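Biologist: I would like to learn how to read a model like this one. Can we go through it feature by feature?

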Amino acid sequence: MTIAICPGSFDPVTNGHLDIIERTAAIFDKVIVAVLENPSKEPLFSAAERRYFLQKVLAHLPNVEVEYFQGLLVNYAKSKDAKVIVKGLRAISDFESEFQMALTNKKMNPEIETIFMMTANEYSFLSSSMVKELVYFGGNPEGFVPPLVVAALEEKLGRRRSGK
Ligand code: PNS
């Protein structure tokens, strides 16, 4: 059984992430979506919220699990017996940091491969940060994130915007 890991901050999950995870699930026996729980970062959504959104929107895929991870990704992958890390690549701008991470991960554990999937064209511009900024300034994120995330963003950022 080949296990793949789709890691990320997912703050919050976007339709671009979902596209990559769904395509990964069609190739590998099992996919672990690994939500980074980083105590030094201040995400908009807690790790529990980020995991909940992912679990809800991926519930139709029986071979996908959503978990938290901390520390080095390669150590986590090894602990789960996963041989493959799958990342989405959007544009040239992603390449440099992804290349750096993939090579560092390879150096730390040569048995784990990182593979990249091109994002679907319609999501190539999309990022969690852009979506948060859009909502903060009153824009509508429908079509960029799943409906339950639209509501959660509006609830959290709408309140901040109005200073409540
Ligand atoms: O969604 P993101 O923020 O682009 O995801 C980045 C993530 C979580 C994949 C990356 O930051 C990560 O793997 N962090 C864990 C620490 C680690 O192993 N870093 C890479 C080698 S130094």
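Modeller: We take the ligand site, then a loop, then a helix pair. This is a predicted model: local features need pLDDT of at least 70, side-chain atom pairs count only at pLDDT 80 or more, and totals for chains, interfaces and linings use all residues. Residues are numbered from 1 along each chain as its sequence is written, and side-chain values use heavy atoms, without hydrogens and water.

Biologist: Which residues are around the ligand?

Modeller: A residue is near a molecule if one of its heavy atoms lies within 4 Å of it. Here they include Pro7, Gly8, Ser9, Leu36, Phe69 and Lys87.

Biologist: Which atom of Ser9 lies 2.6 Å from an oxygen atom of the ligand?

Modeller: A polar contact is a pair of N or O atoms within 3.5 Å. For Ser9 it is a polar side-chain atom. For Leu73, a backbone N or O atom lies 2.8 Å from a ligand oxygen.

Biologist: Is the peptide bond from Asp11 to Pro12 cis or trans?

Modeller: Most residues other than glycine have a negative phi, and most peptide bonds are trans. The bond from Asp11 to Pro12 is cis, with omega near 0°. Pro12 sits in the loop between strand 1 (3-8) and helix 1 (15-25). Helices (H or I, at least four residues) and strands (E, at least two) are DSSP runs, numbered from the N terminus. Phe10 lies in that loop between strand 1 and helix 1, and its phi is positive, near 50°.

Biologist: At what angle do helix 2 and helix 6 pack?

Modeller: Axes are lines fitted to C-alpha atoms over the stretch in contact, and angles run from 0 to 180 degrees between N-to-C directions. Helix 2 (residues 47-57) and helix 6 (residues 147-161) pack at about 155°, with axes 10 Å apart. So helix 2 is roughly antiparallel (over 145 degrees) to helix 6.

How values were computed. Parallel < 35°, antiparallel > 145°, perpendicular 65-115°, else oblique. Polar contact = N/O pair within 3.5 Å; in protein donor to acceptor, adjacent residues only side chain to side chain.
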